Amino acid sequence: MKKYLVIGNPIEHSLSPKLHNYWLNKNKIDGHYDKKLLTEEKVGEFLKLNQKVYGINVTVPFKKNVLNYCTELTELASSSQSVNTIILSNDKIIGDNTDIYGFEQSLKDLNFNGFNKTAYILGAGGVVSSVVIGLNNLGVKNIVISNRTKNKAEALAKEYNLVVSDWGKIIDFDIIINCTSIGLKKDDSLGLDFPNVKDKIFYDIIYKPKTEFLVDAEKLGNKIVDGKMMFLYQAQKSFEIWHGIKPEINKEVINLLND
Ligand code: ATR
């Protein structure tokens with residue numbers, strides 16, 4: 001039986017095992033997908049010692065850290081400097097990125113066309129480079145980024161040709177994407193106000209439904225998107241990379257995340 005897993009910290013609430021095991025079962029593949037809590041110091045050792053594991057998903061906060069231990073990077077992993085999928089094969093540790101695909105595909109589902117659109121990114125954490133590349137692929141040329149700690153936004157702006165806006169300032173945008181960790185915990189609040197902003201797209205990378213960011217945006221008359229489809233699509237792509245089969249995303253699969 002081939003082993004797969006997701007590493008992160010925290011990892012307890014990851015839905016990846018449930019999803020991948022469901023697909024393994026549906027596709028009659030002899031494999032099992034588990035989760036593993038790691039500390040930063042243990043990541044390298046863990047990757048090098050795992051000969052029985054064929055594939056690893058990487059989640060917060062190790063998506064950049066694992067770059068140091070990969071023996072090869074795909075073009076997407078290299079351009080985003082972010083790895084969420086690892087293929088282990090014959091002493092090789094190959095880092096790939098399926099977050100870009102996940103983000104892009106979730107917007108394609110909505111027939112989003114980036115031509116002449118302005119995107120406003122909140123946050124400067126590990127997922128932002130994938131979001132930026134996804135937006136570029138969808139034709140968005142004008143991307144503004146804002147982060148509480150401004151120098152992190154400035155570093156990303158330099159790398160990916162973005163414009164920096166002060167934290168708390170609301171610019172004119174077509175789509176706003178919350179890439180901060182605010183909303184993960186109950187009663188979390190970004191503390192931003194969007195008076196008179198309507199008919200825009202509010203996207204939250206967090207996959208639990210209806211963060212306060214989305215609830216408030218919906219009340220104002222905006223279209224809201226949570227991170228569920230991005231999560232499903234990145235997982236679908238990882239599965240396809242490892243097993244050569246594109247697993248189905250249907251109502252039953254979507255419901256797995258809601259139980
Ligand atoms: P990752 O592991 O994905 O890189 P991270 O670096 O912890 O995650 O990023 C979390 C993001 O949420 C950051 O942009 C962080 O802002 P800072 O760079 O200023 O820390 C943002 N964030 C977390 N708590 C926040 C808060 N209370 N208000 C505003 N932004 C916050």
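Modeller: The ligand takes up the space of the largest pocket. Bear in mind that the model is predicted.

Start with the ligand itself. It is surrounded by 14 residues, and the closest of them are Ala124, Gly126, Asn147, Thr149 and Lys152. Sorted by class, this shell holds 5 nonpolar, 7 polar and 2 charged residues.

At alanine 124, a polar backbone atom is 2.9 Å from an oxygen atom of the ligand. At glycine 126, a polar backbone atom is 2.6 Å from an oxygen atom of the ligand. Asparagine 147 takes part through its side chain, where a polar atom lies 2.7 Å from a ligand oxygen. On its own the ligand has 640 Å² of accessible area, and the protein covers 70% of it.

The largest pocket contains about 1600 Å³ of space. Its lining consists of 46 residues, and those closest to the centre are Thr59, Val60, Ser181, Leu184 and Ile206. Two elements, strand E3 (53–58) and helix H8 (228–243), each give two or more residues to this lining. Helix H8 gives the most, with 3 residues. By class, the lining of the largest pocket is made up of 20 nonpolar, 17 polar and 9 charged residues.

One residue of the lining deserves a second look. Val60, listed among the residues closest to the centre of the largest pocket, is joined to proline 61 by a cis peptide bond, with omega near 5°. Proline 61 belongs to the loop between E3 and strand E4 (72–73). Strand E3 is also one of the elements named for the lining of the largest pocket.

For comparison, here is the second largest pocket. It holds about 220 Å³ of space. There are 13 residues in its lining, with Asn50, Gln51, Leu88, Asp91 and Lys92 nearest the centre. The elements that each supply two or more residues here are helix H2 (43–49), strand E3, strand E5 (85–89) and strand E6 (92–96). The lining of the second largest pocket divides into 5 nonpolar, 5 polar and 3 charged residues.

Asparagine 9 and proline 10 are joined by a cis peptide bond, with omega about 5°. Proline 10 is in the loop between strand E1 (2–8) and helix H1 (16–26). Asparagine 111 is not a glycine, yet its phi is positive, at about 55°. This residue is placed in the loop between helix H4 (99–108) and strand E7 (118–122).

Definitions and conventions: Residues are numbered from 1 along each chain as its sequence is written. This is a predicted model: local features need pLDDT of at least 70, side-chain atom pairs count only at pLDDT 80 or more; totals for chains, interfaces and linings use all residues. Side-chain values use heavy atoms; hydrogens and water are left out. A residue is near a molecule or strand if one of its heavy atoms lies within 4 Å of it. A polar contact is a pair of N or O atoms within 3.5 Å; within protein, one must be able to donate a hydrogen and the other to accept it, and residues adjacent in sequence count only if both atoms are side-chain atoms. Accessible areas come from the Shrake-Rupley method with a 1.4 Å probe; for residues, only the protein chains shown count as cover. On a 1 Å grid over the protein atoms alone, a cavity is a set of points where a 1.4 Å probe fits but cannot get out, and a pocket is an open set with protein on both sides within 12 Å along at least five of seven lines; lining residues have an atom within 4 Å of a point. A molecule sits in a cavity or pocket if more than half of its atoms lie within 2 Å of its grid points. Ala, Val, Leu, Ile, Met, Phe, Trp, Tyr, Cys and Pro count as nonpolar, Asp, Glu, Lys and Arg as charged, and the others, Gly among them, as polar. Grid points are joined across faces, edges and corners, and a volume is the space filled by probe spheres set on the points. Helices (H or I, at least four residues) and strands (E, at least two) are DSSP runs, numbered from the N terminus.
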